[in-house]
Amino acid sequence: MTTFAAAPKGHFLFGHAREMNRDTLGFLLNTLELGDLVQIKYGPFPLYIVNHPDLLHEVLVTHHEHYQKSDTTKRDLYPVVGEGLFTSEGELWKRQRKLAQPAFHTKRIAGYAEIMVNYTQRLIDEWQNDTVIDVEGSMAKLTMQIISKSVFDAEVTGTDALSHAVTYVLETTDRRFNRIVSLPSWIPTTENRSFDTHLKHLNQVIQHFIDERRRTGEDKGDLLSMFLMAQDDQNSSMSDKQLRDEAMTVFGAGHETTAATLTWVWYLLSKHPEIAAKLHEELSTALGGKTPTFNDLPNLKYTEMVIKEAMRLYPPAWGASRNLMVDTTLGGHALKRGNVLLLNFYGVHRHPKFWDQPDRFIPERFSPENEGKIHKYAYLPFGGGPRICIGNAFAMMEARLILATIAQRFTLHLAPEETVLPSRRFTLRPKDGLKMTAVARETVFA
Ligand code: HEM
């Protein structure tokens, strides 16, 4: 039996919105003590925080058809990703998911392993021993290069016009997403005008990629080619607008999240040298200094456990929101059509009822013997049910290959006085970035 509670009364006008925006993660953790389903007020509106794995299962799986992505998610994302997989609903989403699925099949994405490793090597070839690295920035640049190559077969440097436009558009979307009240995008503020200019540039570049590909008919083996070739049961394919939206969605969803994961992995490894030592041991046994490939992945089990545990403590997607489309019940508690729910992934990942020593970094939780004991819906870094992240295998492969490639050559150290706090933006990232010192591993062992 799950419990329901209303949070103690908040501010007469803002409800709990200010408190929640000031320290969202702390707020979400505090609601765990109140109940499994907690009603708060976001401004004048009720917001239901879902804190129990069984209820998450009910929303994401059993009665998923009662829910849609929330209006705020759509409002903020629509200008960028249009009706791509992340934001679309109903028949359009179903058709697109079916069309896109083969492109994310393990066999298909195996072909990206080499791209992932090559870009990683290029990155660390630039690193000098004993120098300070902007870890968050480096991971973001690296995953952007990988996703650009994988989606569009395009080479970006991280500092070119395309990278700049993508970064600007995504960061502005992130800022908008975090405001309690946003001015409508048609009001010509400096930010809105600049956003429009960058988005226009981005759209032109993507349209050029689509035009070129249609003109040559070439299969470049990337996701754009897969999307272009995809046909549904009625033999119809995607329009240019749909192609653009899907490409932009994958581009947007597919790099910052993985970059955030890796950033937290480096942070946690520096705080737990004994775990870093175990990781290095696995790498030397499995790889013996050679470049990892797709075929090495089954032997990188501990590497995978480290990444999974980092995503438990710091899930890049710290929550997801849903609008209720019908009057119904959740865990036996009555809810009304139009109610908004926040799926508290961050909180549930640290819920003391479901995790022993929830705040400690213990990769062994995900060992082959232990992983089966975890309540399936207490761990949702990729969401769940039909709308589970389509790129999860891609992301896990990318994170393992990047970690294995870098950790063989460098150890990253955090200055002892450095404190790193998580900040809830669209993804969960270190509040003030993450700078660390890269030490070449030969030097470590010398
Ligand atoms: C560690 C990296 C990643 C994390 C933590 C992550 C997390 C998530 C989560 C939680 C959702 C579900 C959101 C919801 O239910 O509201 C989602 C959906 C999605 N993700 Fe990811 N993601 C990651 C990487 C990727 C990558 C690499 C791609 C593409 C290459 C991708 C593409 C998508 C798409 C298209 C959706 C929407 C799927 C649908 O609704 O059918 N993601 N992701």
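Select helix 4 (residues 71-81) together with helix 12 (240-253), where helices are DSSP runs of H or I with at least four residues and strands are runs of E with at least two, numbered from the N terminus. Their axes are 9 Å apart and the packing angle is about 115°, so the two helices are roughly perpendicular, a term covering 65 to 115 degrees. The axes are lines fitted to C-alpha atoms over the stretch in contact, and angles run from 0 to 180 degrees between N-to-C directions. This is a predicted model, in which local features need pLDDT of at least 70 and side-chain atom pairs pLDDT 80 or more, while totals for chains, interfaces and linings use all residues. Residues are numbered from 1 along each chain as its sequence is written, and side-chain values use heavy atoms, without hydrogens and water.

Next, show the side chains at this crossing: Pro-79, Val-80 and Val-81 of helix 4 meet Arg-244, Asp-245, Met-248 and Thr-249 of helix 12, contact meaning heavy atoms within 4.5 Å. These residues divide into four nonpolar, one polar and two charged.

Then move to the ligand and select the 28 residues around it, of which Trp-93, Arg-97, Arg-322, Arg-387 and Cys-389 come nearest; a residue belongs here if one of its heavy atoms lies within 4 Å. Helix 12 returns at this stop, as one of the elements that each supply at least two residues of the shell.

Finally, display the polar contacts (pairs of N or O atoms within 3.5 Å). A polar side-chain atom of Arg-97 lies 2.7 Å from a ligand oxygen, while for Leu-85 a polar backbone atom is 3.2 Å from an oxygen of the ligand.

Definitions and conventions. Polar contact = N/O pair within 3.5 Å; in protein donor to acceptor, adjacent residues only side chain to side chain. Parallel < 35°, antiparallel > 145°, perpendicular 65-115°, else oblique. Nonpolar A, V, L, I, M, F, W, Y, C, P; charged D, E, K, R; others polar.
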